[in-house]
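Please consult the structure alongside each numbered point.

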Amino acid sequence: MSSPGPIPRPVPDGDSRPYWEGIARGELRIQRCDACERYVFYPRALCPHCHAEALTWVAASGTATIYSYTVVRQAFGPFAGQVSFVVAVVELAEGVRMLSRLTGVEVGADGGVPSTVAIGAPVRVTFATLEPGAESEEPFALPYFRLA
Amino acid sequence: VAAIVGVAESDLGRTPGKTVLQLQAQAAAAALAEAGMTLADVDALFTAGGWAWSPNLLLAEYLGIRPTYTDGTNIGGCSFEAHVGHALAGIQAGLFDVALIAYGSTQRSDRSRNRGSPAATLADQFERPYGLPTPVGAYALSAARHMHEYGTTREQLAEVAVATRKWASLNEKAFMREPISVADVLASRPIAEPLHLLDCCLVTDGGGAVVLASADRAADTPKAPVWVLGHGECHTHYSIAQMPDLARAEAIEAAGHAAFAMVGLTPADIDVAEVYDSFTITVILSLEALGFCGRGEGGAFVSGQRTAPGGAFPLNTNGGGLSYTHPGMYGIFPLIEATRQLRGEGGERQVADARIALAHGTGGVLSSAATVILGRDQP
């Protein structure tokens, strides 16, 4: 087997730089369309709902519910040693969905999680600092969620 | 109109020392031989893969052909069902007469499935850092949501794997042929809950080829042509968190609806179905989305081994991606098996008097879909 390698590092770009700058400061930012007033995630240059090119950055409330989740029992590369962990799709109060980790959850040896971990359960954003695992790499922040 | 006039697999399973180009050359030669043709007859090339920056350029160079029409559409595992639709359109437009659709992978020998670059760019930057194993973790998220909304159970998911293995036991080319039980599936190694090892497709080497021809060129082929009656395709997302509804495969709904509408048939008209089974949940979502049962009813539909040999709904008669072969992308193989069923070449696994077959592919993380309806009789 090849070496596990570093954790994939997000590469901020012309769409996402304000998002990652917010994450580094402990603020979850999303976009809102000036034309149709719907929220947008992930960041884009145009609204995927109405295609207007008028998006404004706003601070999200940080509250969400679990839309779906999986207890990962076998992972690959740099994540192999982290099992078992919970990955969730969360739906923010603003209506957009994002993939994230559910943190602060005890996963049993049989993969079981407390009954409070459930689809529909309220969660809140928290910010994790990751060490990519290679000496040359700087730490970086990611938004995780924990049970509210 | 257009017809499938030749189909073939390459060596399957473990093919150490073979390249993806060798596998495709082998499958292409065999498929063309079925049609009474050679590579010199090929006008148009369709392929999808990751073996070069331009898979089409390299494959055509290797085969020694100069396609005057080429299509490298890659929308994941269903690319080849999409290619059939594109080739049908090209033949109907008079752009070419003979199309070769080819695929190959040495994924098992390469052990390449989960290699990735350390930098997560574009949409990947919002998903890859979280460590979800893909694609299985994405399908697990869909399965969990389907279970939540509709009460689908792990036992119902397992029914798909058990029935598919029974079909594989009738196919000497299948990689896994030993019978399994629902209990075996439930007890197999957990990967991403609720999906366990036996809910997941195989990782094999292998390739396949399909030859499509115009009615003129199909008129004197050695084997009875199998006619392309309908086609549809759609894709809705790339990232799993962007899927519009995790419990409902809207890309498959659109593809299936278009395919049935093109030919004026309904799901009740299908005699045998070959449906991409990347994971057990994929089959349940596909049966619902294609209209074989209602939304949320897929778990009940597959219960009682309904899709097994002798069951009311013959499904994945080759043993599927779950038990027969799955070299990275599986979409060429539903086309091959549907063609054989309509020719009556199924042997022990032949569905009696199969006249209309459905070959359906799903790609990405339930992202894309393409549906082909094939007929034994000329439309």
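This is a predicted model: local features need pLDDT of at least 70, side-chain atom pairs count only at pLDDT 80 or more; totals for chains, interfaces and linings use all residues.

1. A salt bridge is a side-chain nitrogen of Lys or Arg within 4 Å of a carboxyl oxygen of Asp or Glu. In general, side chains of opposite charge can pair when their charged atoms come close. B:Lys18 and B:Asp11 form one such bridge, with the closest N and O atoms 2.7 Å apart. Over all chains, the search of the whole structure finds 16 salt bridges.

2. Residues are numbered from 1 along each chain as its sequence is written, chains are lettered from A and ligands numbered from 1 in the order in which they are written, and side-chain values use heavy atoms, with hydrogens and water left out.

3. How accessible are the two partners of the first bridge? B:Lys18 is partly exposed, with a relative accessible area of 31%, and B:Asp11 is partly exposed at 30%. Here buried means under 20% relative accessible area, exposed means over 50%, and partly exposed lies in between (1.4 Å probe, protein chains only).

4. A second salt bridge joins B:Glu34 to B:Lys223, whose closest N and O atoms are 3.9 Å apart. This pair links distant parts of chain B, 189 residues apart: B:Glu34 belongs to helix α1 (residues 20–34), and B:Lys223 to the loop between α8 (215–218) and β9 (226–235). Helices (H or I, at least four residues) and strands (E, at least two) are DSSP runs, numbered from the N terminus. B:Glu34 is buried at 16%, whereas B:Lys223 is partly exposed at 27%.

5. B:Glu337 and B:Arg349 also meet in a salt bridge, at 2.9 Å from N to O. B:Glu337 lies in helix α13 (residues 332–343) of chain B and B:Arg349 in the loop between α13 and β11 (356–363), so the pair ties together parts that are 12 residues apart in sequence. Both partners are buried: B:Glu337 has a relative accessibility of 2% and B:Arg349 one of 10%. Elsewhere, shared partners join B:Glu34, B:Lys223, B:Arg343 and B:Glu345 into one network of salt bridges.

6. Which residues of α3(B) meet α13(B)? B:Phe80, B:Glu81 and B:Val84 contact B:Ile332, B:Pro334 and B:Leu335 of α13(B), where contact means heavy atoms within 4.5 Å. The residues involved divide into 5 nonpolar, no polar and 1 charged; Ala, Val, Leu, Ile, Met, Phe, Trp, Tyr, Cys and Pro count as nonpolar, Asp, Glu, Lys and Arg as charged, and the others, Gly among them, as polar.

7. In helix α9(B), the residues B:Ala251, B:Ile252, B:Ala255, B:Gly256, B:Ala259 and B:Phe260 are buried. They lie on the same side of α9(B), because they cover an arc of only 150° around the axis; the arc is that of the directions from the helix axis to the C-beta atoms. On the other side, B:His257 and B:Ala261 are exposed. The buried residues pack against β9, α10 (280–289), β11 and β12 (368–375) of chain B. After α9(B) comes B:Gly264, with a positive phi near 75°.

8. In chain A, A:Ala35 is found in the loop between β2 (29–33) and β3 (39–40). A:Ala35 is exposed, with a relative accessible area of 53%. Leaving aside residues up to four places away in sequence, A:Ala35 touches A:Cys50, A:Ala52 and A:Ala54.
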